[in-house]
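Hello,

Here is the structure I promised you. Please open it and read my notes beside it.

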Amino acid sequence: MAAVLLLVDIQKGLDDPKFGARNNPDAEQKAGALLAHWRAANAPVIHVQHMSAEPDSPLRPGLPGNALKPEVAPGAGETVIRKDVNSAFIGTDLLNRLRDMDATDLVICGLTTPHCVSTTARMAANLGFNVELAEDACAAFAASADMSWKPGADAPSPEMIHDLAVAHISGEFVTVVSTETLLGRLP
């Protein structure tokens, strides 16, 4: 079976300025290119949508920010998994769906690298899936670095946050690949 493309939380609300500076401004375009490639190959695609319960979150259901971005909008018949925690496996039927598909390989991309992407990738690997991370179709924010525990410390840049998040899962949980590499082969 072809690898399943898992697009994690690529939602309009993550454009909110409250999240701060971000790396990888082309992440959505690259995720969209992966999605088009998977669709052309008639390969399996699963969209993940965060349904925040936080009162001040732009990702709350009913708000415009909850919507998936147009670059990765689900097509007819494509599965959308809705979650309210970091992992797409917790409180959802994702694992059952993947098992029903006899899936063994996943390609993951999305927002944000150190949070929902990393958590989902780690759990996928722990559940026995072979996981590739399209790291250039992922992004991180500077605001994700809460340095309040270390007074006087400078917050790392969004690039550093992204790179460290990828480094922490590379090898043990995922194989890191580029969008270009993935587009050069069949899913």
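Start with Thr 120. Leaving aside neighbours within four places in sequence, Thr 120 is in contact with Leu 6, Asn 86, Ser 87, Ala 88, Phe 89 and Ile 108. Contact means heavy atoms within 4.5 Å. A polar atom of the Thr 120 side chain lies 3.0 Å from the backbone nitrogen of Ala 88.

This is a predicted model: local features need pLDDT of at least 70, side-chain atom pairs count only at pLDDT 80 or more, and totals for chains, interfaces and linings use all residues. Residues are numbered from 1 along each chain as its sequence is written, and side-chain values use heavy atoms, with hydrogens and water left out.

Is Thr 120 buried or exposed? Thr 120 counts as buried because its relative accessibility is 0%. (Buried is under 20% relative accessible area, exposed over 50%, partly exposed in between, with a 1.4 Å probe and protein chains only.)

Thr 120 sits in helix H3, residues 113-126. Helices (H or I, at least four residues) and strands (E, at least two) are DSSP runs, numbered from the N terminus. Other buried residues of H3 include Cys 116, Val 117 and Ala 124. The buried residues of H3 pack against several elements, among them strand S1 (4-8) and helix H4 (158-169). After H3 comes Gly 128, with a positive phi near 100 degrees.

Now S1. Five of its five residues are buried. Val 4, Leu 6 and Val 8 cover one side, Leu 5 and Leu 7 the other. S1 pairs with S4 in the parallel sense, over five bridges. Strands pair if DSSP finds at least two bridges between them. Val 8 stands opposite Gly 110 in S4.

Best wishes

Methods. Polar contact = N/O pair within 3.5 Å; in protein donor to acceptor, adjacent residues only side chain to side chain.
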